[in-house]
Amino acid sequence: MTESNKPTKTIGIIGGAGVAATNTLHALIEEELTRKRAFLDAHHPQIITFYATQVPSRSLFLEGRGKDFTHDYIEIGKKLKLMGAQAICMCCNTAHYSFDIIQESIQMKMLNLIEAIAVLVKKSNVHSVGLIASEGCLKGRVYERYLERICPNVRIVYPDLEFQNKVTQGICNIKNYHRFDTFDSKERPRNLFQSVKEHLVAGGGAEKVIIGCTDIRVDYMDKDNIDSLEVLKDLIIKEAFNE
């Protein structure tokens with residue numbers, strides 16, 4: 001790292017959805033840059049993070065069981081803009097259902113995580129991709145809108161009902177004490193998500209699996225997957241350094 005390698009933009013993050021995922025995102029950014037030889041605080045980007053813990057559930061809204069979160073995200077985005085953010089991103093995959101209206105209302109650049117993942121799928125040259133995401137994300141067709149446009153020939157493989165229930169259980173358990181269960185616990189999120197991946201690959205023929213919920217990365221990581229939190233980390237670093 002040298003003076004010319006310093007970040008040039010301040011990034012705003014609408015986080016807190018979930019809390020552990022946002023904390024993990026910050027750690028991933030720091031670790032990535034330190035591995036790239038950052039050795040001063042000044043080698044890391046200025047980040048303004050809003051923990052949107054009181055915003056209505058994105059998934060419940062898209063499931064038809066909760067209030068719309070969009071207005072809250074717009075107001076938070078405007079606050080981040082006033083505080084000096086030069087680009088904004090959202091830590092929640094499901095929140096990207098309202099990406100266009102949020103960006104239009106805030107009137108500033110936003111980093112589109114779902115679009116970036118669809119581009120990665122296209123570059124991977126696979127014919128089928130598994131999707132592990134919240135029930136609301138699936139019902140809102142958050143990923144489909146981008147995958148169908150960017151890589152329309154890629155088949156999307158979904159968990160069946162039993163395994164989608166495991167996804168929901170795993171996401172909930174990331175947020176509660178089961179995250180600290182023993183490694184062999186059936187309630188441990190990583191074990192639930194690994195079983196879903198095996199179901200999509202062995203049972204559904206998925207060549208790659210998208211981890212379409214940033215909470216999942218808190219307790220489960222497989223380098224063969226396209227992990228949304230890792231992709232978001234890369235997007236933030238690229239934008240902060242104007243690469």
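Before I start: two strands count as a pair if DSSP finds at least two bridges between them. I'm working from a predicted model.

**Entry 1: the sheet**

I looked up strand 4 (residues 128-132) and strand 5, and they pair in the parallel sense over three bridges. That clears the cut-off of at least two bridges.

**Entry 2: helix 9**

I went back to helix 9 and checked its length. Its 15 residues reach 20 Å from the first C-alpha to the last, close to the 21 Å expected at 1.5 Å a residue. I also listed its buried residues, and among them are Leu-192, Phe-193, Val-196 and Leu-200. What covers the buried residues of helix 9? The cover includes strand 4, strand 5, helix 8 (161-174) and strand 6. After helix 9 comes Gly-205, with a positive phi near 80 degrees.

**Entry 3: Ser-128**

The Ser-128 side chain reaches the backbone oxygen of Gly-205 at 2.7 Å. Is Ser-128 buried or exposed? It counts as buried, because its relative accessibility is 4% and the cut-off for buried is under 20%. Leaving aside neighbours within four places in sequence, I found Ser-128 in contact with residues including Val-154, Arg-155, Val-157 and Ala-206.

**Entry 4: aromatic rings**

How many aromatic pairs does a search of the whole structure find? It finds three. One of them is Phe-69 with Tyr-73, an edge-to-face pair at 5.4 Å centre to centre, with 80 degrees between the planes. Both of these residues are buried. Phe-193 and Tyr-220 make a tilted pair, 6.3 Å centre to centre and 40 degrees between the planes. Phe-193 lies in helix 9 and Tyr-220 in the loop between strand 6 and strand 7, so this pair ties together parts that are 27 residues apart in sequence. I checked burial here too: Phe-193 is buried, and so is Tyr-220. I also noted one aromatic cluster, formed by Phe-61, Phe-69 and Tyr-73.

Most residues other than glycine have a negative phi, and most peptide bonds are trans. The peptide bond from Ala-17 to Gly-18 is cis, with omega near 5 degrees, and Gly-18 is in the loop between strand 1 (11-15) and helix 1. Arg-141 isn't a glycine, yet its phi is positive, about 50 degrees. I found Arg-141 in the loop between helix 6 (135-139) and helix 7 (144-150), where it is partly exposed at 38% relative accessible area. Asn-242 also has a positive phi, near 55 degrees. Asn-242 is in the segment after helix 10 (228-240) and is exposed, with a relative accessible area of 52%.

Definitions and conventions:
Residues are numbered from 1 along each chain as its sequence is written. This is a predicted model: local features need pLDDT of at least 70, side-chain atom pairs count only at pLDDT 80 or more; totals for chains, interfaces and linings use all residues. Side-chain values use heavy atoms; hydrogens and water are left out. Helices (H or I, at least four residues) and strands (E, at least two) are DSSP runs, numbered from the N terminus. Rings of Phe, Tyr and Trp (its six-membered ring) pair if their centres lie within 6.5 Å; planes under 30 degrees apart count as stacked, over 60 as edge-to-face and the rest as tilted. Buried means under 20% relative accessible area, exposed over 50%, partly exposed in between (1.4 Å probe, protein chains only). The expected span of a helix is 1.5 Å times one less than its number of residues. Contact means heavy atoms within 4.5 Å. A polar contact is a pair of N or O atoms within 3.5 Å; within protein, one must be able to donate a hydrogen and the other to accept it, and residues adjacent in sequence count only if both atoms are side-chain atoms.
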